[in-house]
Amino acid sequence: MRGYDAGAMKILKLFFSPNGRIGRAKYIFAMSILLGFIIVAEIALSVELFMSAKFEQPSDNLYIVKSSFFETRMESEPGTNGKEKAQSTKFFMDTPFFSMTMDFGVLDFDKVKEQNEKPAGFWESFKRQQEMQEKMRDMAKIEYKSAMVWLILVWLLSTWVMVAPTVKRMHDLNFRGWWLLLCFMATPFAMAPIPYAVLMQLSLFSSLAAFVIMIVTVFVKGTVGPNRFGPDPLEKSPAKPEAETKNVS
């Protein structure tokens with residue numbers, strides 16, 4: 001039991017404690033376990049959504065998609081601007097964590113198709129995407145439910161078990177773990193009413209910082225010998241002197 005308890009404490013310390021240092025091998029081991037868990041969870045969720053999804057069309061203007069986790073409804077009505085393909089479209093999504101309503105108003109599908117068929121370079125396409133995202137965010141009305149608290153707690157826990165090993169790995173490189181905050185610069189502003197271009201720039205900077213930190217923590221060797229964060233994890237601890245045996249005459 002003592003060996004089992006000691007092993008469990010090492011696992012808990014690896015994923016939950018930001019103190020001390022770890023080498024590259026242990027860090028890659030921890031990240032591989034977390035990555036494998038995320039992949040399995042995403043596959044299981046995707047299979048569940050696919051198997052439980054049902055499409056319904058009660059009328060010509062109403063489309064419903066139901067699954068075990070959400071329900072979406074899209075309702076359209078003929079437009080009032082005299083054009084055949086213009087419609088007033090409303091979108092509704094209900095999940096255990098929030099409900100969202102979007103009123104697209106009168107859409108001219110001929111105009112949308114014409115804009116999409118125009119040749120555009122990278123920046124022009126990015127600008128169109130930016131304008132569309134800003135319009136959708138302005139149209140969306142979101143109401144959060146009490147279960148959202150549990151989703152936030154799960155996100156915080158899953159984030160922490162990835163942050164703690166990374167902090168220890170940065171300690172091994174003689175860097176403070178506060179540098180990891182660069183990876184979360186866009187998180188506080190995800191739902192804030194700021195221009196979409198600013199949010200995209202923050203997200204791009206955060207992604208770049210996360211990429212640089214990943215490269216450094218995986219491929220750069222830690223400082224040799226003890227540093228301000230603790231002893232070198234690659235140094236072998238001195239062997240304990242063996243207990244003196246008594247000769248029984």
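Me: What makes a set of residues a nonpolar core?
Reply: A nonpolar core is a set of buried Ala, Val, Leu, Ile, Met, Phe, Trp, Tyr and Cys residues joined through side-chain atoms within 4.5 Å. The model here is predicted.

Me: Which residues make up the largest nonpolar core?
Reply: Eight residues do: L14, F15, I22, Y27, A30, M31, L34 and V161. Helices α1 and α2 each supply at least two residues of this core, and α2 gives the most, with four. A second, separate core has six residues, including V167, M170, L180 and I213.

Me: What does V161 touch, leaving aside its neighbours within four places in sequence?
Reply: V161 is in contact with F15, F16 and L34.

Me: Why is S52 called buried?
Reply: Its relative accessible area is 17%. Buried means under 20%, so S52 is buried. S52 is found in helix α2, and beyond four places in sequence it touches K66, S67 and S68.

Me: How do you know that the side chain of S52 makes a polar contact with E48?
Reply: The side chain of S52 reaches the backbone oxygen of E48 at 2.7 Å. The cut-off for a polar contact is 3.5 Å, so the pair counts as one.

Me: What lines the largest pocket?
Reply: The lining has 37 residues, with I38, W155, S158, T159 and M162 nearest the centre of the pocket. They divide into 29 nonpolar, seven polar and one charged. Helix α2 provides the largest share, eleven residues. The space in this pocket is about 1,200 Å³.

How values were computed:
Residues are numbered from 1 along each chain as its sequence is written. This is a predicted model: local features need pLDDT of at least 70, side-chain atom pairs count only at pLDDT 80 or more; totals for chains, interfaces and linings use all residues. Side-chain values use heavy atoms; hydrogens and water are left out. On a 1 Å grid over the protein atoms alone, a cavity is a set of points where a 1.4 Å probe fits but cannot get out, and a pocket is an open set with protein on both sides within 12 Å along at least five of seven lines; lining residues have an atom within 4 Å of a point. Grid points are joined across faces, edges and corners, and a volume is the space filled by probe spheres set on the points. Ala, Val, Leu, Ile, Met, Phe, Trp, Tyr, Cys and Pro count as nonpolar, Asp, Glu, Lys and Arg as charged, and the others, Gly among them, as polar. Buried means under 20% relative accessible area, exposed over 50%, partly exposed in between (1.4 Å probe, protein chains only). A polar contact is a pair of N or O atoms within 3.5 Å; within protein, one must be able to donate a hydrogen and the other to accept it, and residues adjacent in sequence count only if both atoms are side-chain atoms. Contact means heavy atoms within 4.5 Å.
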